[in-house]
Amino acid sequence: MELLEINTLGKLKKYGYKSKTIKEELRDNLIRKLKNKENIFEGIWGYENTVIPEIEKAILSMHNINLLGLRGQAKTRIARLFIHLLDEYVPIIEGSELNDDPLCPISRYGRDLVKELADDTPVAWLARNERYSEKLATPDVSVADLIGDVDPIKAATLKLPYSDERVIHFGLIPRSNRCVFVINELPDLQARIQVALFNILQEGDVQIRGFKLWLPLDIQFVFTANPEDYTNRGSIVTPLKDRIDSQIITHYPKSIDIGKKITQQEAKRKEGQKGIFVNEILQNLIEKVAVEARNSEFVDSKSGVSARMTISAFENVLSSAELRALKNGDKKPSLRLSDIYGAISAINGKIELVYEGELEGPVFVAHNLIGKAIRSEFVAYFPNPEKRKSADYKKIVEWFGNGNSLTFLSDENQKAYKQGLKKVDGLEELVEKYFSNETSDQKDFLMEFVLHGMAEYSLISKQPLDEGVKFNDLLDSMLSKEDYE
């Protein structure tokens, strides 16, 4: 508060304020936070031993940074957290469009004002949250947008010749002096625009329309990019890559637990969904769908599978339960395993298919991924059907073999859902054997899980329907298919 009361250059000098570059600010504040054991990149999970130490080393080295990785790896999220390493306020010359340091102005306006008013030069204070600029690189971005150009209207209004530097309209980068400046998707920037960044990164100056203009800009650059072998829209030109001091490779979560942390943190629960209990099995399945997608022969591995897929899928699963409760007048929505099929629209929008996947179709691929996730998760809770087929699942298989079938409708009320599960011989008995201490609702969930798991291990048949899913005998299903064909 004492600093904010300083409003002239003379008072600033009397206070003994010393200027620092933005990279010095970042470095000093990082050192202080590390000594105090503070969490620097809050909300970023899975990078504690990989990406974050690399970023910290780059900041200590006072480097410009390029975060390179597939989509949905928190690159922009990390860049936005850099502002927390800035000083809370820094002084600027009041009215300066380039955030001039009162002790070391770089613009014509700043130099002239200090020359004219000396210690009476008015000083304002710039908060750390105002010191962040971000630009998404698109093919239509021009040099004028980023760096600046001659403004004929300004020249006419001020009655200045075009040779006067005051006719320049500065672009985003000069206006971000003493700020963190982020360019997202750097390869999408046209090569000739990337070339315009050379001098800014290396020498710190700008060149506009042949002006002999020396502007030693003070900027922390953070770039984000997808790997060059993925994007066919462009690449980072080699000399620019050479001028970016540190290139840090990001990655997807390396465990299901980390993936769940990210999903739970980012997913937005609406008012009617806050009381819904989400079974751990369902959480694991959502994360495993992403893992399966990243390893699938139908999905383009170079494109990657964004963490946004699991977030959107989780939100869709909650909405499936809420929709069913609204249709049936239930006060408390409850999740079922089959609600995961309500996330197919989220999965379809987040994966990029290869040729084979396009032939099969996105819905088939989504069902395939969910099926593989269920198969993988099932053996963590129940005996592997391939090893103990007769001992644990015999009664259930026989019930379906006797011509019985079971259909779960997506909007079926809870009473009908429970009754359907209890009809299957041996199903409740199997769940009781391994999970006798669970609640009634949890046992219902596990009973449905058993049916889906058995279907994935080809003990019974599962047919997706527009309005739900149907389980029946595997042989009957195969014969019915042959008759249809």
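Reader: Where is the place of K37?

Author: This is a predicted model, so local features need pLDDT of at least 70 and side-chain atom pairs count only at pLDDT 80 or more, while totals for chains, interfaces and linings use all residues. Residues are numbered from 1 along each chain as its sequence is written, and side-chain values use heavy atoms, leaving out hydrogens and water. Helices (DSSP H or I, at least four residues) and strands (E, at least two) are numbered from the N terminus. With those names in hand, K37 sits in the loop between α2 and α3 (51-60).

Reader: Is K37 buried or exposed?

Author: Buried means under 20% relative accessible area, exposed over 50%, and partly exposed in between (1.4 Å probe, protein chains only). K37 is not a glycine, yet has a positive phi of about 60°. Its relative accessible area is 76%, so K37 is exposed.

Reader: What is the relative accessible area of S458?

Author: Look in the loop between α21 and β11 to find S458. Here, too, is a residue that is not a glycine but has a positive phi of about 60°. S458 counts as partly exposed, because its relative accessible area is 47%.

Reader: How many salt bridges does a search of the whole structure find?

Author: Side chains of opposite charge can pair when their charged atoms come close. A salt bridge is a side-chain nitrogen of Lys or Arg within 4 Å of a carboxyl oxygen of Asp or Glu. One network of salt bridges links K20, D28 and D87. Searching the whole structure gives a total of 25.

Reader: How many residues apart in sequence are the parts that E25 and R131 tie together?

Author: E25 and R131 join their side chains in a salt bridge of 2.9 Å, N to O. E25 belongs to helix α2 (residues 22-35) and R131 to the loop between β3 (123-127) and β4 (132-136), so the parts they tie together are separated in sequence by 106 residues.

Reader: What is the relative accessibility of R131?

Author: E25 counts as buried because its relative accessibility is 3%. R131 counts as buried as well, with a value of 0%.

Reader: Which residue forms a salt bridge with R324?

Author: R324 is buried, with a relative accessible area of 4%. The closest N and O atoms of the pair are 2.8 Å apart, and the partner is D339.

Reader: Which helix holds D441?

Author: D441 forms a salt bridge with K418, their closest N and O atoms being 3.3 Å apart. This pair links distant parts of the chain, 23 residues apart. K418 is in helix α19 (residues 414-423), and D441 is in helix α21.

Reader: Which side chain of opposite charge is nearest to R336?

Author: R336 is found in the loop between α14 (307-328) and α15 (344-348). Its contacts (heavy atoms within 4.5 Å), leaving aside neighbours within four places in sequence, include R324, Y417 and F445. For charge, Lys and Arg count as positive and Asp and Glu as negative, with His and the chain ends not counted. R336 is buried yet has no salt bridge, and at 4.6 Å away the nearest side chain of opposite charge is E412.

Reader: How far apart in space are A156 and V167, C-alpha to C-alpha?

Author: A156 lies in helix α7 (residues 152-158). With a relative accessibility of 55%, A156 counts as exposed. A156 and V167 are 11 residues apart in sequence, and their C-alpha to C-alpha distance in space is 8.9 Å.
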